[in-house]
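Trainee: Could we go through this structure slowly, one question after another?
Mentor: Gladly; please have the sequence and the picture open beside you.

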Amino acid sequence: MRRRRIGLAGHEWRIVEIADVAARARELGHEDVRRKDVLDGFCSYEEREIAIASSLRPRRKAATLFHEMLHAVAPELDEHVVRRVEDALGRVLWRQGWRPLKERGEGIL
Ligand SMILES: [Zn+2]
């Protein structure tokens with residue numbers, strides 16, 4: 001598991017890149033996530049952790065991190081709003097060269 005810490009909305013969050021995001025969600029106490037679920041990403045407010053699937057291609061990984069960061073900073077937003085913002089702004093950020101998960105030695109951000 002690769003991990004990194006970032007500051008988000010006044011709190012420190014752990015970003016982990018991991019093979020099985022659903023298993024990690026269950027480890028963190030989210031028993032509503034089923035064993036057969038396959039998740040690209042997950043945001044745990046209680047643990048202040050964002051998990052991203054390590055198998056994702058770079059563009060999908062960046063979009064997923066952006067999506068989960070939106071959940072982290074605005075938990076009141078509905079999933080469909082988060083997806084809309086992710087789709088619109090994630091696309092622009094990618095075109096502008098945003099590559100948050102590009103590996104640089106020890107970290108993922
Ligand atoms: Zn979501």
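**Strands, a helix and a core**

Mentor: Leaving aside residues up to four places away in sequence, Ile 52 touches Ile 15, Glu 17, Gly 41, Lys 61, Thr 64 and Leu 65. Please bear in mind that this is a predicted model.

Trainee: Which residues have the most contacts inside the largest nonpolar core?
Mentor: In general, nonpolar side chains in soluble globular proteins tend to be buried together. Here the largest nonpolar core has 16 residues, and those with the most contacts inside it are Ile 50, Ala 51, Ile 52 and Leu 65.

Trainee: Which element gives the most to this core?
Mentor: At least two residues of the core come from each of E2, helix H1 (21–27), E3, E4 and H2. The most, six residues, are given by H2.

Trainee: What do the buried residues of H2 pack against?
Mentor: Helix H2, residues 58–73, lies across E1, E2, E3 and strand E4 (49–53), and runs at about 20° to E3. Its buried residues include Ala 62, Leu 65, Phe 66 and Met 69. What they pack against is E1, E2, E3, E4 and helix H3 (79–95).

Trainee: Which are the edge strands of the sheet?
Mentor: The sheet is open, with four strands in the order E1-E2-E4-E3 and mixed pairing. An edge strand pairs on one side only, and that holds for strand E1 (2–8) and strand E3 (41–44).

Trainee: In E2, which residue is the bridge partner of Arg 3?
Mentor: E1 pairs with strand E2 (residues 11–18) in the antiparallel sense, over seven bridges. Within E2, the partner of Arg 3 is Val 16.

Notes. Residues numbered from 1 in each chain as written. Predicted model: local features only at pLDDT ≥ 70, side-chain atom pairs only at ≥ 80, totals over all residues. Pairing = 2+ DSSP bridges. Contact = placed C-beta atoms within 7 Å. Axes fitted to C-alpha atoms, helices over the stretch in contact; angles between N-to-C directions. Buried ≥ 20, exposed ≤ 12 C-beta atoms within 10 Å, placed from the backbone. Core = buried A, V, L, I, M, F, W, Y, C linked by C-beta atoms within 7 Å.
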